[in-house]
Amino acid sequence: MKDRFGRVINYLRLSVTDRCNLRCRYCMPDGEDKRKPRMRLLTVSEIENVARAAVRVGIRKIRLTGGEPTLRSDILEIVHRLSNIPGVEELVMTTNGIRLEQLAAPLQRAGLRRVNIHLDSLDSVHVKALSGSDCLRRVWDGIIAAEQAGLSPIKINVVVVHGYNDLDVVEMAQLALQHPWQIRFIELMPLGKPAGFAMEHYVASQETLARIESALGPLVAEPACGDNADISCYRLAEGKGRLEFISPVSHAHCHRCNHIRVTADGRIRLCLLRDDEWSLRDGLRSSDPVGTLADLFSCAIQCKPRGSQLAQGIFPTSRPMVRIGG
Ligand code: SAM
């Protein structure tokens, strides 16, 4: 389906939980209370109805996210149900990788095609400083398990944070020399309460790219990047993998945006960087949930804003990333 600006919307990022086993400084508000009542999460059947409705309005790719999606005890059932919906051409997941050593093979058998794994550094002290957890070894084992399970190509998400891991980007880029992986350097975005931290520690992609080039030599630009029009892709000479730069702050590509989000509590979020949301709750309770939800999706897509308002200094305040779904 096209929105009112002519953009084809065919990609849904579907959050299945707001819980996470990490405390990344830019993703979750400081001192988040683990005992705080959690949002009411969509059930497996509700998630399936949302996905079926999304497919009716033209969604072809679904990314499961969170919070940490692998913390849901029914994650295999969710993957199994969604992968069997006619019209879902690509079912992928964004994860911190901590549970992948056990789950990669079962997820693949359930129908998952690929994973993006979040890893900010190969220095365990820096990983702990950013995520609050001594998890580097487990994430690494998860990456290897995902590769062995055939969840490829492996994509690694690196959020670049000044004073924490901005000097580690060269070592992260070197992973693409030996491995056929896509190493993706992401600009820090201001969202919810951690927005102050994000603004203070922001590093532009241009700076990350220059640091990598000065250490490893010129990068070779790659022309195409699948359906991800907002990503600049490069290759290192002799490299097996690829480097990608995602620059939502310095070079937003809102005019090519092809996705919408659904939060774990059942709200459509039309732009990551704007607070506008549409509730799906009434649709979920209706006698024809898929039909009603599809109508809601159609209307919502027609209201998708032209783009973020970061250039005007306006950023979203209602939710941090962990409660939206990255
Ligand atoms: N728990 C999973 C994970 O760690 O990847 C999935 C959820 S997490 C919200 C999804 C992605 O959001 C992470 O991989 C990270 O790259 C990105 N992210 C989180 N907060 C961000 C921020 N403030 N700016 C840019 N990217 C962010």
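## Ligand surroundings

Of the 18 residues around the ligand, those that come nearest are Tyr26, Gly67, Glu68, His118 and Met189. The model is predicted, and the distances below are computed from it.

An N or O atom in the side chain of Glu68 is 2.9 Å from a nitrogen atom of the ligand. His118 places a polar side-chain atom 3.0 Å from an oxygen atom of the ligand. From Met189 the polar atom belongs to the backbone, and it is 2.9 Å from a nitrogen atom of the ligand.

## The sheet

An open sheet is formed by 12 strands with mixed pairing, in the order β7-β8-β9-β6-β5-β4-β3-β2-β1-β10-β11-β12. At its edges stand β7 (219-222) and β12 (277-279); each has a single partner strand, so one side of each is left without a neighbour in the sheet. On average, and with direction ignored, neighbouring strands are turned by 25° against each other.

Helix α6 (residues 169-178) lies across β5, β6 (182-187), β8 (231-236) and β9 (242-246). The helix runs at about 150° to β6.

## Strand β4

Strand β4 (residues 114-118) runs parallel to strand β5 (residues 155-160), and three bridges join them. In general, strands of a sheet pair through backbone hydrogen bonds, either parallel or antiparallel.

Which residues of β4 point one way, and which the other? Arg114, Asn116 and His118 point one way, Val115 and Ile117 the other way, and all are buried. In a regular strand the side chains alternate between the two faces of the sheet. Five of the five residues of β4 are buried, so the strand is largely enclosed by the rest of the structure. His118, a member of the group that includes Arg114 and Asn116, is also one of the residues that come nearest to the ligand.

## Nonpolar cores

The largest nonpolar core has 89 residues, of which Ile62, Leu64, Leu82, Ile183, Phe185, Leu243 and Phe297 touch the most other members. Helix α1 (residues 44-56) supplies the largest share of this core, seven residues. Apart from this core lies another, of eight residues, including Met189, Cys271, Leu310 and Ile324. Nonpolar side chains tend to be buried together in soluble globular proteins.

Leaving aside residues up to four places away in sequence, Leu64 touches Leu14, Val16, Pro69, Ile75, Ile78, Val79, Leu82, Leu91, Val92, Met93 and Thr94. Among these contacts is Leu82, which is itself listed with the residues that touch the most other members of the core.

## Arg269

Arg269 lies in strand β11 (residues 267-269). Is this residue buried or exposed? Arg269 is buried, with a relative accessible area of 0%; the cut-off for buried is under 20%.

Residues up to four places away in sequence aside, Arg269 touches Ile260, Arg261, Arg274, Asp275, Asp276, Glu277, Pro316, Ser318, Arg319 and Ile324. The C-alpha atoms of Arg269 and Ile324 are separated by 7.9 Å, although the two residues are 55 residues apart along the chain. The side chain of Arg269 makes a polar contact with that of Ser318 (3.4 Å). A polar atom of the Arg269 side chain also lies 3.5 Å from the backbone oxygen of Cys271. Both Cys271 and Ile324 belong to the core of eight residues.

## Backbone features

Most residues other than glycine have a negative phi, and most peptide bonds are trans. The peptide bond from Ser152 to Pro153 is cis, with omega near 0°. Pro153 is found in the loop between α5 (136-148) and β5.

Glu238 has a positive phi, near 75°, and is a residue other than glycine. This residue is found in the loop between β8 and β9. Glu238 is exposed, with a relative accessible area of 78%.

Notes
Residues are numbered from 1 along each chain as its sequence is written. This is a predicted model: local features need pLDDT of at least 70, side-chain atom pairs count only at pLDDT 80 or more; totals for chains, interfaces and linings use all residues. Side-chain values use heavy atoms; hydrogens and water are left out. A nonpolar core is a set of buried Ala, Val, Leu, Ile, Met, Phe, Trp, Tyr and Cys residues joined through side-chain atoms within 4.5 Å. Buried means under 20% relative accessible area, exposed over 50%, partly exposed in between (1.4 Å probe, protein chains only). Helices (H or I, at least four residues) and strands (E, at least two) are DSSP runs, numbered from the N terminus. Contact means heavy atoms within 4.5 Å. Two strands pair if DSSP finds at least two bridges between them. Axes are lines fitted to C-alpha atoms, for helices over the stretch in contact, and angles run from 0 to 180 degrees between N-to-C directions. A residue is near a molecule or strand if one of its heavy atoms lies within 4 Å of it. A polar contact is a pair of N or O atoms within 3.5 Å; within protein, one must be able to donate a hydrogen and the other to accept it, and residues adjacent in sequence count only if both atoms are side-chain atoms.
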